[in-house]
Amino acid sequence: MDSPAVKEVMAVEQVGGVCVVTILVRELDSANAEELSSRLLALLNEGKSYRFVVDFDTVRFMESACFGALVTFVKWLARFDGKIALANVSENVRFLFAVTRLDKVFPLYRDVPAALEAMRT
C-alpha cells in the first residue's frame, strides 16, 4: 500500500499557454494540502503561465486545509493578474464550494475544454 507521501498529488501539462493541473488523488486532505500548495506556488514562480485550469475529475472529498491552499494560491495569482478555473468538480465538492461561497472566487466548469475556452476570453 502506498503511503500518502509517495502518492503524487497532481500532474501538470501546458495546453495552449494554460497550465492544466490534474489532481490525481480521490481525497484532498490535510496530509496533501501542503504539497498541493507548494507545487502550485512553484508553478506560479516558474512564470511559464499565469493562467491555470485545475481538473478535479478524480477528487471526491476535500478538507478545509485544501480550500486554504487554493485560496492562498489565488491570492498569489492575483498579484500576477492571473486567472484560474476549476473543472470536473464533483457534486459533493461543488457543494462545499457553494457552502463556503468559494464558488464566487473560483469559476467552476463542467470539463477541461470548457475551462480552457473560458481562459481565452
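This is a predicted model: local features need pLDDT of at least 70, side-chain atom pairs count only at pLDDT 80 or more; totals for chains, interfaces and linings use all residues.
Across the whole structure, a search finds 5 aromatic pairs. A pair of aromatic rings is described by the distance of the centres and the angle of the planes.

The pair of Phe52 and Phe73 is edge-to-face, because the planes of the rings stand at 90°. Their centres are 5.0 Å apart. This pair links distant parts of the chain. Phe52 belongs to strand β4, residues 51–55. Phe73 belongs to helix α2, residues 64–79. Phe52 has a relative accessibility of 0% and so counts as buried. Phe73 is buried too, with a relative accessible area of 1%. Both values fall under the 20% limit for a buried residue.

Phe56 lies in the loop between β4 and β5 (61–62). Phe97 lies in helix α3, residues 91–99. The pair therefore ties together parts that are 41 residues apart in sequence. Phe56 is buried, at 1% relative accessibility. Phe97 is buried as well, at 0%.

A charged side chain also meets an aromatic ring. Arg79 lies over the face of Trp76. The distance from the ring centre is 4.1 Å.

Terms used:
Residues are numbered from 1 along each chain as its sequence is written. Side-chain values use heavy atoms; hydrogens and water are left out. Rings of Phe, Tyr and Trp (its six-membered ring) pair if their centres lie within 6.5 Å; planes under 30 degrees apart count as stacked, over 60 as edge-to-face and the rest as tilted. Helices (H or I, at least four residues) and strands (E, at least two) are DSSP runs, numbered from the N terminus. Buried means under 20% relative accessible area, exposed over 50%, partly exposed in between (1.4 Å probe, protein chains only). A charge sits over a ring if NZ of Lys or CZ of Arg is within 6 Å of the ring centre and within 35 degrees of the ring normal.
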